[in-house]
Amino acid sequence: MAPTPAYALIATDLDGTLLRGDDTVSDRSLAALARAARAGARHLVVTGRPAPRVRPLLDRLGCTGLAVCGQGAQVYDAGTGRLLWSVRLDRELAETALGKIEAEVGEVYAAVDQDGVDGLTLIEPGYRMPHPTLPAVRVGRRDELWCQPISKVLLRHAVLSDDELAAVARAVVGSLATVTMSGPGTVELQPSGVTKATGLALAAERLGIGAGRVLAFGDMPNDVPMLVWAGHGVAMADAHPELKAVADEITLSNEDDGVAVVLERLFPAG
């Protein structure tokens, strides 16, 4: 009888972690995930991207199970194309939070991810998408961002760094929303109390897997709750210092197949 793998669930962030800069997954990473699957471990994508923006990638990866999307606000079933769980960000609270931030730092540029499996990403004038390959719809005025229910707000500032903007936002937003930073040019407001860890915990519970048997990979501050929750947390070589500070292990960068390096060690051939 084959031994039970130490980790039953492999939770990977996408951008800066499993994905290379060109939005592809290397053959080595795919082979390592396949080897882990043969040993009995499941792979779960845990991403800040909303479900509509991650579906094509899940198709390319051959994922037919669960995925945690929208910074933990959505648990998506790739097999059925349905959201099993989703949390919306109250639009009035989002507007209030934006007002508090702009009162401190001046004008910010905003975008929103609409809720639902077919939700759009809307961007107001002046907002620049951090991932130009991801589709977005430009609107003429900010109030058009709130035309449909949303899962999160994305923010940029003309001068402040991501760390500076996130720090101000956390200081003034309080309990109106959870503030996180998920990548270059990506400071976000999501429903209060919602993190990648809450979404991952829901998905893991549905799969009957406890936190101690979860192996998690990430690169940015939005991955901190996930790595703290998981049994073993791995940060990429070029991860944000906040994530490295809580990681159990630091691997190579996404461009150097850091996820595969760890999986090859933990799930040896044969």
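Let's start where two helices meet: Arg28, Ser29, Ala32, Leu33 and Arg35 in H2 touch Ala260, Val261, Leu263 and Glu264 in H9, where contact means heavy atoms within 4.5 Å. Sorted by class, this contact has five nonpolar, one polar and three charged residues. Here Ala, Val, Leu, Ile, Met, Phe, Trp, Tyr, Cys and Pro count as nonpolar, Asp, Glu, Lys and Arg as charged, and the others, Gly among them, as polar.

Before going further, keep in mind that this is a predicted model, in which local features need pLDDT of at least 70 and side-chain atom pairs count only at pLDDT 80 or more, while totals for chains, interfaces and linings use all residues. Residues are numbered from 1 along each chain as its sequence is written, and side-chain values use heavy atoms, with hydrogens and water left out.

Back to the pair. H2 and H9 have their axes 9 Å apart and pack at an angle of about 30°. Axes are lines fitted to C-alpha atoms, for helices over the stretch in contact, and angles run from 0 to 180 degrees between N-to-C directions. H2 and H9 are therefore roughly parallel to each other; angles under 35 degrees count as roughly parallel, over 145 as roughly antiparallel, 65 to 115 as roughly perpendicular and the rest as oblique. The crossing of H2 past H9 is left-handed, a label used if the near helix is turned anticlockwise from the far one by less than a right angle, with right-handed used if clockwise. As for the element names, helices (H or I, at least four residues) and strands (E, at least two) are DSSP runs, numbered from the N terminus.

Helix H9 covers residues 258-266, and its buried residues are Gly258, Val259, Ala260, Val262 and Leu263. Buried means under 20% relative accessible area, exposed over 50%, and partly exposed in between (1.4 Å probe, protein chains only). What lies over these H9 residues? The cover includes strand S1 (9-12), helix H1 (14-18), helix H2 (27-38), strand S12 (214-218), strand S13 (232-235) and strand S14 (249-250).

Now look at the loops by these helices. Asp257 sits in the loop between S14 and H9, and Ser26 is in the loop between H1 and H2. Their side chains make a polar contact at 2.5 Å. A polar contact is a pair of N or O atoms within 3.5 Å; within protein, one must be able to donate a hydrogen and the other to accept it, and residues adjacent in sequence count only if both atoms are side-chain atoms. Ser26 counts as buried because its relative accessibility is 7%, and Asp257 is buried too, with a relative accessible area of 9%. Setting aside neighbours within four places in sequence, Ser26 is in contact with Arg20 and Asp257.

Most residues other than glycine have a negative phi. Asp23 has a positive phi of about 70° and is not a glycine either. Asp23 lies in the loop between H1 and H2 and is buried, with a relative accessible area of 18%.

Next comes another helix pair. Helix H4 (residues 91-105) and helix H5 (residues 162-173) have axes that come within 9 Å and cross at roughly 120°. H4 and H5 are therefore oblique to each other, and H4 passes H5 in a right-handed crossing. On the H4 side the contact is made by Ala97, Lys100, Ile101, Glu104 and Val105, and on the H5 side by Leu165, Val168, Ala169, Val172 and Val173. These residues divide into eight nonpolar, no polar and two charged.

Last, two threonines. Thr178, in strand S10 (residues 178-183), is buried, with a relative accessible area of 17%. A polar atom of the Thr178 side chain lies 3.3 Å from the backbone oxygen of Pro191, and a polar atom of that side chain is 2.9 Å from the backbone nitrogen of Gly193. Gly193 also touches Thr198, which lies in helix H6 (residues 196-207). Is Thr198 buried or partly exposed? At 29% relative accessibility, Thr198 counts as partly exposed. A polar atom of the Thr198 side chain lies 2.8 Å from the backbone oxygen of Thr195.
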